[in-house]
Amino acid sequence: PDSDEEKTLTIDRKSSDEMHEKQNTKLPIKEPKVESKETENSCKLKDLLTEPVYTRLLESNTGLHLKSPQELTEMAMRYYDEVALPKLVSDFGSLELSPVDGRTLTDFMHTRGLRIRSLGQVVSHL
């Protein structure tokens, strides 16, 4: 076994002759080197993100740093389809916003992080 994989455990043994004297015996213990899925995901994200961005994500206390990049992508897509686009439609419906031309509509969508190619989905929600 590799020396870094092996730890030692000290146990107390009492001999029959000396009941009160302690004798240290070292037994090898092997710890599994299996990382948890969360730790693995966290390492992947740490490699993909800059240090300040990863730190901000970690400090957000949302647990998102434990998600895999695939899970985060799926969550973002769900948010886009289920929250962001319907919110835009409700803003149109409340007359809070009424773009008068294509440029205004494009700017409005882009400031909310929405792609103009999603305009068909917006229209289907109206």
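Q: How many salt bridges does a search of the whole structure find?
A: In this predicted model, a search of the whole structure finds 3 salt bridges.

Q: Why is the pairing of Lys87 with Asp91 called a salt bridge?
A: The closest N and O atoms of Lys87 and Asp91 are 3.0 Å apart, and a side-chain nitrogen of Lys within 4 Å of a carboxyl oxygen of Asp is what the term requires, so the pair qualifies. Lys87 and Asp91 lie 4 residues apart in helix 3, and are therefore separated by about one helical turn.

Q: What makes Asp91 count as buried or exposed?
A: Asp91 has a relative accessible area of 5%, and because buried means under 20%, Asp91 is classed as buried. Lys87, by contrast, has 47% relative accessibility, which falls between 20% and 50%, so Lys87 counts as partly exposed.

Q: How do you know that Arg112 and Asp91 also form a salt bridge?
A: The side chains of Arg112 and Asp91 meet at 3.8 Å, N to O, and because the cut-off is 4 Å, this pair is a salt bridge as well. Arg112 sits in the loop between helix 4 and helix 5 (119–125) and Asp91 in helix 3, 21 residues apart, so that the pair links distant parts of the chain. With 39% relative accessibility, Arg112 counts as partly exposed.

Q: Which residues make up the largest nonpolar core, and what makes it a core?
A: Tyr80, Ala84, Leu85, Leu88, Val89, Phe92, Leu105, Phe108, Met109, Leu114 and Val122 make up this core, 11 residues in all. The name applies because such a set consists of buried nonpolar residues joined through side-chain atoms within 4.5 Å. Helix 3 (69–93) and helix 4 (102–111) are the elements that give two or more residues to this core, and helix 3 gives the most, with 6 residues.

Note on methods: Residues are numbered from 1 along each chain as its sequence is written. This is a predicted model: local features need pLDDT of at least 70, side-chain atom pairs count only at pLDDT 80 or more; totals for chains, interfaces and linings use all residues. Side-chain values use heavy atoms; hydrogens and water are left out. Buried means under 20% relative accessible area, exposed over 50%, partly exposed in between (1.4 Å probe, protein chains only).
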